[in-house]
Amino acid sequence: MQKPGPKSAAFYTAVLKSLRESDIPFMIGGGYALKRHTGTGRTTRDLDVFVLPQDVEHILSRFAEQGYRTELTFPHWLGKIYKGRAYADVIFSSGNGVALVDEAWFEHAVEDDVLGMRVKLSPAEEMIWSKAFLMERDRYDGADVAHLILARGLDLDWTRLLQRFREYPLVLLAHLVLFLFSFPSARDRIPAWAWEYLLADLERSRHAGEDDPICRGTLLSREQYLEALARGYKDARLPPEGRMRPEDVLHWTRAAQENREAQERKRG
């Protein structure tokens, strides 16, 4: 994992120090946690701070009082702390509203050093859960899921992992099939009973699937299934199945479109 530059590192260190001095529970995810669990990682562009939903406003207010620019970027899952071009993400759910941070994240977190400070890091099981749904056109975290299973599969809490996927076990099954394809010699990382449970769910889904025209693809990508919604499919992110509000979906979709347009302008 490539280390952040001096200015970014100083900012991240200040953020961690302030959080450690507060009474707010937090943990670090992203590249730092991936490195801890797998021994590999990629360039760290930011600092991912995971917190409980009820603590987000408190954290943002704390840093605003310290002179940082802050924002609740997406009210359903993400805030940000800025200093110049560096920023820290304050994460309390996932973009699709599925992977809500709860007390269990903290109960099963691991400890390690980040920038010289002892902090909690996101558990491998919750990292798999949140990353499994990232299948955007420009970002796919399936390789991270595979590397987490490769490195930690033998000591994963598979019971808890399956519980995390209780709403959408087929998503986990899809990743396990791809893992078996990618690392055939590491088939022992997945217990037989987990395969049996997930394959039984596959059979149930094949023979007793939804009759309602619902699209769950929007849980995997915020843009690539919009055409299905335009054709009348219901959006699984919205109640009664999902947890997102219509205004959150609209805001999240617009942001993706604006980002794509900005990238196209850069290329053009």
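Which residue in S2 is the bridge partner of methionine 27? I looked it up and found phenylalanine 50.

I am working on a predicted model, where local features need pLDDT of at least 70, side-chain atom pairs count only at pLDDT 80 or more, and totals for chains, interfaces and linings use all residues. Numbering starts from 1 along each chain as its sequence is written, and side-chain values use heavy atoms, with hydrogens and water left out.

**Strands.** I took strands as DSSP E runs of at least two residues, numbered from the N terminus. Two strands pair if DSSP finds at least two bridges between them. S1 (residues 27-28) runs antiparallel to S2, joined by 2 bridges. S2 also pairs with S5 (residues 86-91), in the parallel sense, over 4 bridges. There, aspartate 48 has aspartate 89 as its bridge partner.

I then checked the faces of S2 (residues 47-50).

**Core.** I looked next at the largest nonpolar core, which has 74 residues. Such a core is a set of buried Ala, Val, Leu, Ile, Met, Phe, Trp, Tyr and Cys residues joined through side-chain atoms within 4.5 Å. Ile28, Leu47, Ile81, Phe133 and Phe165 touch the most other members.

**Phe133.** I listed its contacts (heavy atoms within 4.5 Å). Leaving out residues up to four places away in sequence, phenylalanine 133 touches Asn96, Val98, Phe165, Tyr168, Val171, Leu219 and Leu220.

Note on methods:
Buried means under 20% relative accessible area, exposed over 50%, partly exposed in between (1.4 Å probe, protein chains only).
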